[in-house]
Amino acid sequence: MATRKLLGAMLAAFALASPTLANAQVRIAYIDPLSGAMGATGEHGLRELEFAVEAINAKGGVLGQKLVVVPMDNKLSAQESLILLKSAIDQGIRYISQGNGSSVAGALIDAINKHNEREPAKSIVFLNYAAVDPDFTNDKCSFWHFRFDANTDMKMAALTDYLKGQKKVSKVYLLNQDYSHGHQVSKVAKAMLAEKRPDVKVVGDELHPLARVKDFAPYIAKVQASGADTVITGNWGTDLSLLVKAAKDANLKADFYTYYGGTVGVPPAMGDAGIDRVKVVSYWSANSANAAGQAVQDAYRKKYGADQDPYSQSIRISAEFLVRAMEKAKSTDPVAVAKAMEAMKIDGPFGEITMRAEDHQIIQPMFIATFVKGGGALKYSADGTNDYAFRADARVEAAAAARPTTCKMKRP
Amino acid sequence: MELFFTSLLNGVTYGLLLFMLSSGLTLIFSMMGVLNFAHASFYMLGAYFGYVISSYVGFYPALLLAPLAVGAIGALIERYGMRRAHASGHLAELLFTFGLAFLIEEVVHLVWGKSPVPYRVPPSLDGPLFTLFSATFPTYKAFMMAVSVGMLAALYALLTRTRVGLLVQAALSKPDMVEALGHNVPRLFMLVFGGGVGLAALAGVIGGNAFVTEPGMAAAVGSIVFVVVVVGGLGSITGAFVASLAIGILQTFAVAVDYKLPFFDRVTVSQTAPVLPYLIMVLMLIARPRGLMGTRET
Amino acid sequence: MTAALALTGVRKRFGATEIVRGVDLEVRAGERHAIIGPNGAGKSVLFNLITARFAPTEGKIALNGGEITGRKPHEINRLGLSRSFQVTNLFHRMTVFENVRCAVLWSLGHGYAFWKFVDRLRDANERAREIVERVGLAERAASPAGILSYAEQRALEIGITIAGDAKVILLDEPTAGMSRTETEAAVALIRKVTEGRTLVIVEHDMSVVFGLADRISVLVYGQVIATGTPAEIRANAAVREAYLGSAAHA
Amino acid sequence: MTRSRLALWAVTLLVLVVAPLVFSKGFALSLLCQMGILVVFALSYNMLLGQTGLLSFGHAVYYGLGALFAIHVLNLNKVPTPFIPLVGGLAGLAFGLVFGYITTRRAGTTFAMITLGVGEMVAASSLMFPAFFGGEAGISGNRSQEPFFGLTFGPQIQVYYLIAAWLVICVVAMHALTRTPLGRMANAVRDNPERAQFVGYDPQRVRFLMVALSGFFAGVAGGLATLNYEIVSAESLSALTSGMVLLATFVGGVGFFAGPILGAIVITLMSTVLAGYTKAWPFYFGLLFLSTVLFVPGGLTGVVVLQKRLWDAGLLSRVAPVYVRMAVPGLVFVGGAVVAVEMAYRGVRLPGAWLGTFAAMAVGLLAARWLWRRESDRWAAALEALAGKAAP
């Protein structure tokens, strides 16, 4: 069986010229890391996409066609992604889903713009479910790109809105990874705090190298020495878990406002250290979902395990938008679908979700939640755990989280 | 002042942790002349084995069993892989361990998945030990420091006070001679390799729950352990110890400094902290390739 | 006339032990000079001091009147001194011809050139071919050095040593491990190829030494106890006692 | 140049010209481009590993910095697109001179460790100074500028031929380099640095020049990558890239000029095409590398060359039956192993399937060992005969 597959692989290497058979399918290329350091995150996303697609297919698909996910491992490399994009185009795939790494997303947007200009008949639409660089819906906005996650600025806007009401916050420490995302978080945090809470003092603005720090104790010592009561961080992965663990070890009494406290691997790695210390700003709050949203979660957890949190709902939402747009356009042609998707609204797990036409940025409510012991009213656990959960502290309405855009969209 | 003392304490802690991570590498290097690129991978295996074993029989038995198990695997790898590579030269050996690191990471992916596993500090060692100014110092870190110092003592004794240690050192320079005296040199090397791997695994059992047990943990410490061994002097246990402390303290203090570097507009000393060890290594290798206390060049 | 090679008060310590204990030695230009001595007398160390493999602890070494102490091996080589090694030391993966050709490149001024093909360097190729012939390896020219027989490797070693046209040649036990006939052939070869040059040779085989050398120095416990013509050395009582006496029994 | 060698060059050239006509699809074409770039990069690496005996863990530094300078110059819009790789090469050369001076002061393991340190530092600074390095988001550019003799270099096919042209230039240049005094002395220094000193050469200087020149070609490869992807990010400087080129070169075979070429092709196919079919590709990749180290230190090229020598000596017919007979149990074992790996990656838990697979592997292995005991004499005899012919 497997040998035959291998043989197939070899043959395919030489016979890539053959056009692919199925035309009665809508295929989505999922270009994300499925191996390497970020492989777990990529696999999580793939599972959510496959789950969403199965649900859609169970209801008969779209326009009589089934949706099919074609996973492609880009190893978190921009260059690799461009090659996979070409491979997807060759296979006649017109829809790309990606989310991990703004570097990859940026490269894809660039390449798709060029491709669609050179071969408009084979245009590609890019469904971005998690790459949050604000540029993509501002200066670098593209007609072919749709973002289903809140961008860095929107999350910070929601966060600072919430902080307006938190009078006990007086000294803030910014601690971020030394690369573009961390720089962006630090920059926008300073700007928005100055605007919404001028009384708050930023007592530290620290950048540490990405994924290179083993022991965060020295950083925590600095935070402690600064007297900060609040830490804002865009860190993800082990850079976040280790930071929180070090804070617990030193008994640092400060709240950690994070972007990625709920993502793959972080809740189990933090464990007790995160309780009542870690907060998350996100469009996702498992325990605040409406009945429909709960039904989706129940099905997901039943299928993949009770500790699995479908926190990348943006993936499911993107699939839903795609299907609705196809139905509205009565076509699977990318240009028509993209046009139909603009300004479309659907009911999400927390209320109405809108795809803003000006810049293709999704607009939805946001939540500030705290990492706590699970159980009781908190039905749904945090990802990868059974006994921890996120408790929503506040909801920021869609309108408040939306930010103005500088996008000047060029439409075909 | 407060920051100074906290930093000093953190620096020493981190230094001892570095020593714990690199002692097995030094052992193998000083006795066999092999730079084991897969060292960090065995550290990772130790953490995963520690996680699995401790979930059945508890943390303390795992502290013994996991290093033994991983050490046995190491010995087998020496017997059936390294030895073969050794025959085709030094470079082949180095590349063998390089490839091994690659493969072990894949196996870990396969067996335990790509996400971190919930490997926790045992309750008896959890919690603060004492309070320095406003910060607490966790018991578990003190435990780690104690183990690290214990490793130093044990290794030092092994190398300089036991017959086995002297024999292995002799075998390193004159294998034929030692063999002619009736000792089984290959088996000796196998034991040493297994021992060094076991030390890495012990560090893994202890480090895995203090930090995060995940497939990327090997890559995260992979190169820093080389820095320690190289700066300390290839093949010198005391050198590695001194280098660990020096690097630990230096790096920790660098984090505390917000002074902006001249010529680089927004870069502070603190930002460069984790890169400093590599800079030290390169300078050391150029100026004094023997390292702080090494006895020979490579 | 200045000596081809002059050592003054050369000492070498390894840790606490002193292997070479104040050697004064003068090798005249154009002579064949042998250094003999019992095992452990420090002959090889002395050799390595001259060729800068080790740095002397004390003392001076001069080549054609110019001091070479502290110079690097390749610099000494460029000043006209070449050496062979006790343990055969070739470029094993290259052919016999290429081995020799590498050895002639520098002296012909080709240096580190990466803009000309070695195959087109007529002078280097001719010279290399000539030397390969001279050391009797013409038939083996295309074989990798690593597969040659022991005697052939020793011959190649001598070929490489003389290829750079150095005026002072140091040979470290060139006939060690050879059979009687092989030794005779080697001696003839050495005699032939060092014609007109200064030769310093370390050797155990007394028949080689006495058949080849113009002058002999005897090294015992890191010191030169006698220097003279073969006849003088034979007649020297101290040498007899310290060295030849024991060798005669061996 | 012998006639067969001339034929080999001619065939290579023909393949380069014809390949895109056969594999005309975008994906296949990008694959060919990727291969071409890796070939140049791996060959430049082998100038160090295979030719000078220097194991480097930081070769991506020259590739990445070459690519970075190339994209900055591309964005200036001053240099015609076809010459951008030259910019990368010059940058690689410049850094080769600087870092080469630092690193080649030592050889052996010390050299390897210094390159590791330098590589780590450059990689780390790439995230610290995003203005120049572009951070993880990278710097993008547009290769199609003013038409150059009617070529815009927008379409992939034009880029392919540009890469192919540079590939030919680099391969010829690097091959020529092996036949110059410097190239030969690099071999000499690799085999025996001490001896090299006593024929008048400074091994440190030889190593330094080789690192600098190898930096040039690595930089050209970086410049080609710039044109192909139109984006340069921190990833091209990373330890992963350094490791990849080491693996590719070694698997191909360091002892042969063509080794890295074959290695680059195999690795590209594995990491791109095989990765599309199985998640286990890194596992196979690791196994391939380890088996190369343990069983065929000459790499894949070594295996091919041995067959060719057997063929030339008329001995292939004697060993061919051995191959055929060994192939049966060998395939059973390898097939079983592949099935086992795939089942593991797919989380198959059927005990029956596992038992069957292991049984097949065991049978294959035992049969192979049994057969080998009978066949090894014949094989050894053939090798002996070959050695006898080579050394008359």
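Strand β3 (residues 95-98) of chain A runs parallel to β4(A), and four bridges join them. Strands here are DSSP runs (E, at least two residues), helices are runs of H or I with at least four residues, and both are numbered from the N terminus. Two strands pair if DSSP finds at least two bridges between them.

A word on the model: it is predicted, so local features need pLDDT of at least 70 and side-chain atom pairs count only at pLDDT 80 or more, while totals for chains, interfaces and linings use all residues. Residues are numbered from 1 along each chain as its sequence is written, with chains lettered from A and ligands numbered from 1 in the order in which they are written.

| Pair | Bridges | Direction |
|---|---|---|
| β3(A) and β4(A) | four bridges | parallel |
| β4(A) and β5(A) (residues 145-147) | three bridges | parallel |

Look for A:Phe126: A:Ile96 stands opposite A:Phe126, and A:Phe126 stands opposite A:His145 in β5(A). From β4(A) (residues 125-128), A:Val125 and A:Leu127 point one way, A:Phe126 and A:Asn128 the other, and all are buried (20 or more other C-beta atoms within 10 Å of a residue's own, with C-beta atoms placed from the backbone).

Now to chain D. Its contact with chain A takes 36 residues from chain D and 35 residues from chain A, where contact means C-beta atoms, placed from the backbone, within 7 Å. On the chain D side, α12(D) gives the most, with seven residues.

Methods: Buried ≥ 20, exposed ≤ 12 C-beta atoms within 10 Å, placed from the backbone. Contact = placed C-beta atoms within 7 Å.
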